[in-house]
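Take a look at the model first, then read on.

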Amino acid sequence: MKRLKRKKQHVEVHENGSLKRETDIGKKHKLAEIHHALNCDPVDIETLRKAAASKGGLLTDELRRKVWPKLLNINVFDLPHKPSKDVRENHKDYNQVLLDVRRSMKRFPKGMPTAERAVLQEQLIDIILDVLKRCPQLHYYQGYHDVAVTLLLVVGERMALALLDKLSNFHLRDFMDPTMDSTKHILNYLMPILEQVDTELHDFMLRAEVGTIFALSWLITWYGHVLSEFKHTLRLYDFFLASHPLMPIYLAAAIVLHREKEVKRTECDMAMVHHLLSRIPQDLPYELLIGRAQELFDQYPPAVLAKKAALQPRKSLSISTFQAFQLSTRHQRPDSVLQRLTRNQGSFSRHASPGSDLALLPRDSSSVWGRGDRMVKMAVWGLSATLGAAVFAVAQTALDWGPEVLLQLF
């Protein structure tokens with residue numbers, strides 16, 4: 001018996017070892033594909049999109065700093081300057097942004113020193129206000145800072161500013177109208193998807209009159225507000241940046257369908273069903289759900305749903321501008337060429353190289369506070385001296401709305 005047991009254990013170890021080797025080979029192959037796509041002229045944007053959406057996403061923050069700008073057609077050698085000191089002056093959204101950022105402490109890595117978090121929070125306030133100042137047609141919404149902080153923690157201040165500006169004018173555009181009509185329009189795609197896949201579940205939710213409000217914070221924060229593990233947030237951002245603006249609502253449908261048995265076992269009551277669905281389990285099989293969301297999108301594209309559900313895609317700026325946005329990403333030059341062209345234009349000295357403002361952000365995002373150049377340390381010390389302990393109040397985010405409060409918005 002003991003010999004058999006040892007043999008079985010040996011087989012398991014061997015199988016695990018083989019699986020690990022296969023995984024490592026798969027990662028190396030993916031890395032090679034991504035680097036090749038980045039160095040093509042023009043950049044092979046379709047390969048980058050597939051890599052971002054496929055299992056594992058973009059794998060590392062270092063790759064995200066290279067690929068995310070390409071997915072949004074951003075020249076990393078021509079980034080916007082850091083927000084000016086007067087960006088906060090007389091800004092109508094300053095007080096609300098300040099409150100939301102102070103509530104965002106849980107979005108920063110656990111154990112980050114207070115002073116360093118304070119520096120990042122100050123940068124977060126500035127990049128949000130700067131985008132809003134650049135684009136007066138955009139209106140701030142609570143939850144916008146959740147998107148901004150995810151970008152900031154990965155790519156640093158200047159690149160986060162460029163990414164946020166582009167996202168705000170395309171993928172997030174519908175959420176930034178003066179009213180929530182466009183946001184409700186996007187949420188209205190959820191039930192038709194469920195109806196196509198599981199009529200019984202769809203009808204149960206109709207009887208419960210739960211609506212789609214439970215998915216509001218998922219949608220407008222790209223799930224950044226509701227996931228406790230930053231790695232899961234990053235995986236979803238890889239997916240969304242490479243996908244149609246409606247993909248977050250398809251993921252919402254995939255999550256609800258995944259929890260179908262739980263939902264049907266719940267009392268058919270609005271408050272009960274809302275309570276269940278508004279709290280996302282932290283152990284969800286994200287890769288499986290991403291794959292399911294893509295399948296749902298391919299099987300029931302927005303145009304098909306719009307016809308069946310009497311939805312009007314023209315109401316959505318995000319949807320109506322997406323095709324032109326995708327076309328704009330297909331003729332990008334590789335960074336090696338962009339760097340040479342920028343130098344030849346004599347502007348290279350005026351623009352920092354990509355990642356130069358990331359001194360506070362090491363390659364390993366699990367230790368964001370681990371390294372920093374002298375200038376960053378001086379900034380931290382200066383801010384610490386100015387603010388004393390530099391401690392922000394901890395508050396539960398304003399997005400944790402109950403159904404009664406949320407219903408007032410609709």
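This is a predicted model. Let's begin with its aromatic side chains: Phe214, Trp218, Trp222, Tyr223, Tyr237, Phe239 and Phe240 come together as one aromatic cluster.

**Aromatic groups**
- The count of aromatic pairs comes to 12.
- Tyr237 belongs to the cluster, and this tyrosine also takes part in the contact of H12 with H6.

**Helices H6 and H12**
- Helix H6 (residues 144-155) packs against helix H12 (residues 230-241) at an angle of about 100 degrees, and their axes are 11 Å apart.
- Angles of 65 to 115 degrees count as roughly perpendicular, and H6 and H12 are therefore roughly perpendicular to each other.
- On the H6 side, Asp146, Val147, Thr150, Leu151, Leu153 and Val154 make the contact, while H12 brings Phe230, Thr233, Leu234 and Tyr237.
- Seven of the residues in this contact are nonpolar, two are polar and one is charged.

**Nonpolar core**
- The largest nonpolar core has 114 residues, and Trp68, Ile128, Met205, Tyr223, Ile249 and Tyr250 have the most contacts inside it.
- Helix H13 (residues 247-258) gives this core its largest share, 10 residues.
- Leaving aside residues up to four places away in sequence, Met205 touches Met191, Leu194, Val210, Gly211, Phe214, Val256, Val263 and Leu277.

**Helix H9**
- Leu190, Met191, Pro192, Ile193 and Leu194 are buried in helix H9 (residues 190-197).
- The cover over these buried residues includes H8, H10, H13, H16 and H17.

Notes. Residues numbered from 1 in each chain as written. Predicted model: local features only at pLDDT ≥ 70, side-chain atom pairs only at ≥ 80, totals over all residues. Heavy atoms only, no water. Axes fitted to C-alpha atoms, helices over the stretch in contact; angles between N-to-C directions. Helix = DSSP H or I, 4+ residues; strand = E, 2+ residues; numbered from the N terminus. Parallel < 35°, antiparallel > 145°, perpendicular 65-115°, else oblique. Contact = heavy atoms within 4.5 Å. Nonpolar A, V, L, I, M, F, W, Y, C, P; charged D, E, K, R; others polar. Phe/Tyr/Trp six-rings, centres within 6.5 Å; stacked < 30°, edge-to-face > 60°. Core = buried A, V, L, I, M, F, W, Y, C linked by side-chain atoms within 4.5 Å. Buried < 20%, exposed > 50% of the residue type's maximum accessible area, 1.4 Å probe, protein only.
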